[in-house]
Amino acid sequence: MRTLVTAKQMKAIDAYTINTIGVPSMVLMERAAMWVARAVEETAGKADVIWAVCGTGNNGADGVAAARMLHLKGYKTSLFVVGDPDRGTAEFLAQSAIARNLGMQMRPWQEAAGEDCVVLIDAVFGVGLSRPIEGEYRQCMEMLEARHAAHTVAVDIPSGIHGDTGQVMGMALKADVTVTFGWEKMGTALYPGRAYAGTVRVCDIGFPESALDAVRDQEEGYGYGLTYESSDLCLIPDRPAYSNKGTFGKVLIAAGSKNMCGAAYLSALAAYRTGAGLVKLLTVEENRQILQERLPEAIIATYTSDQLIQGREEFKKMIEEQMNWADVVVLGPGLGSEPYVEYLVEDILTSAFVPVIIDADGLNAIAGHPYLTTYFTENIIITPHLGEMARLIGESIDAVKENLTGAALEYAGRYGITCVLKDAATVVAGKDGTLYVNSSGNSAMAKAGSGDVLTGIIAGLAAIGMEEEQAALMGVYLHGRAGEQAAGKIGQHSLLASDLADCIGAAMKSVAHE
Ligand SMILES: NC(=O)C1=CN([C@@H]2O[C@H](COP(=O)(O)OP(=O)(O)OC[C@H]3O[C@@H](n4cnc5c(N)ncnc54)[C@H](O)[C@@H]3O)[C@@H](O)[C@H]2O)[C@@H](O)CC1
Ligand SMILES: [K+]
């Protein structure tokens, strides 16, 4: 499990370490610069020209210090400054004085035009970036972008990427390696920042772990972000030897509509592959035969759309019985948009007292009939993609994209539910402010049916005993791991959602304790 911090949190950690613990700011900076210099040395030869392009804040000061270290080791290092050097931070002024005392020239960035650069140290902005990049800064960064250095090392975060949201603030510089300090920044865990960062190295510069606790919950009102790694797969419960199919939970999947049964099939398959003991598909009568053929392991229960509208009370009773049977429910894949879907959603939400994972058309029904949110309980997990989230909150997709974590946290907090907001780096927000950013998976998973598999995985994990929020976090991670396994076998372009489901077992097999 790794911690992710926002820019504000990181600044508070800096301030606490310096002011309360008493580690001098320059000591932290010297360590930071050593890691940056080391990353440069891994690729630069003594004959290669290295540029350190530095803003006048502390990110720039890191850059100046790293350049000085490389200069002392005999590398051809040029120092360029963007912004007014006389108005730099105290650390920037101190680092500049040291560099000059050692005979280094600090030149305005405009003088770089016409010179060569093999390795670029990007130290224009760090986590202090707070507004779009314009004017001189933009001109400088455009010049750097056009220069196409063979290798770019970003200091802390690629300049131009927002430390909290990963958004490009007007423009940003692409890095091959980002050397970051203390903890990984939210802005390089989320896209597009993640695509700009290259390989992220988290380097220890002496922040004590206690700094994390000391500044927790400051400003934002919620804690740190987290992301899983391989070793966290061991959080998935064991399968006890003395057990039967009832031990591993019963999943009910309310999904599919006339001529649409693929989503229901994929969700059910994934729930079984994740370990559920019994999976029942609740769908329209037209789907019975094909689903029975595709997945004979599943129990099939059906209804007709007429039955639903005409005999509502009868229908409600049937739904209540199904809900009593289930340990976990999936609601939505492929349900379509017929008027009866609203009633189906209402009846399930009012009679289910177990975790309910709502996806796709289930969410669309809720977006179209907002009164349905009044039935939300803490058992609910919603799994919207960006478009579904935009519909749920009545915003544009772009607005959701600009602040994925904010949108997910706000919605989860407002209704006291778990919100899985699906994107290339999926975000999960819990009712109490848990914030997870996923690090597994790949673009091969961007295909129809992938979301249906995710609902099945989360349901499967809940069925084998994980608490709903944990099942959502782990489900997202495991889904990505299955995608990595499947793409490795089948290839990035050819992967199908069913391959993803079939690779869940291999992904789970990498559990440390197996
Ligand atoms: N002692 C410390 O405080 C440490 C700081 N560290 C470095 O310090 C960085 C943070 O430094 P700063 O807080 O000084 O901030 P930055 O160096 O990231 O940015 C400098 C300043 O630019 C201004 N600014 C923001 N957006 C702008 C825009 N669009 N156009 C023009 N100016 C803009 C802001 O006033 C900001 O304070 C970290 O990313 C890290 O690299 C590390 O050396 C670790 C230790
Ligand atoms: K930077």
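User: How does the lining of the second largest pocket divide into nonpolar, polar and charged?

Analyst: The lining holds 8 nonpolar, 12 polar and 7 charged residues. Nonpolar is Ala, Val, Leu, Ile, Met, Phe, Trp, Tyr, Cys and Pro, charged is Asp, Glu, Lys and Arg, and polar is the others, including Gly. This is a predicted model, with local features needing pLDDT of at least 70 and side-chain atom pairs pLDDT 80 or more, while totals for linings use all residues. Residues are numbered from 1 along each chain, and ligands from 1 in the order in which they are written.

User: Which residues lie nearest its centre?

Analyst: Asp423, Met445, Ala446, Ser450 and His479, out of 27 lining residues. A pocket is an open set of 1 Å grid points where a 1.4 Å probe fits, with protein on both sides within 12 Å along at least five of seven lines, and lining residues have an atom within 4 Å of a point.

User: And the classes in the largest pocket?

Analyst: There the lining has 15 nonpolar, 12 polar and 10 charged residues.

User: Switching to the metal. What are the protein donors of the potassium ion?

Analyst: For ligand 2 they are Asn59 (OD1), Asp122 (O), Phe125 (O), Val155 (O), Ile157 (O) and Ser159 (OG), at 2.6 to 3.1 Å.

User: What spacing do they follow along the chain?

Analyst: N-x62-D-x2-F-x29-V-x1-I-x1-S.

User: Is Val155 buried or exposed?

Analyst: Buried, because its relative accessible area is 0%, and buried means under 20% with a 1.4 Å probe and protein chains only.

User: Ser159, buried or exposed?

Analyst: Ser159 counts as buried, at 0% relative accessibility.

Terms used: Side-chain values use heavy atoms; hydrogens and water are left out. Donors are N, O and S atoms within 2.8 Å of the metal (3.2 Å for Na, K and Ca); water is not among the atoms, so sites may look incomplete. Buried means under 20% relative accessible area, exposed over 50%, partly exposed in between (1.4 Å probe, protein chains only).
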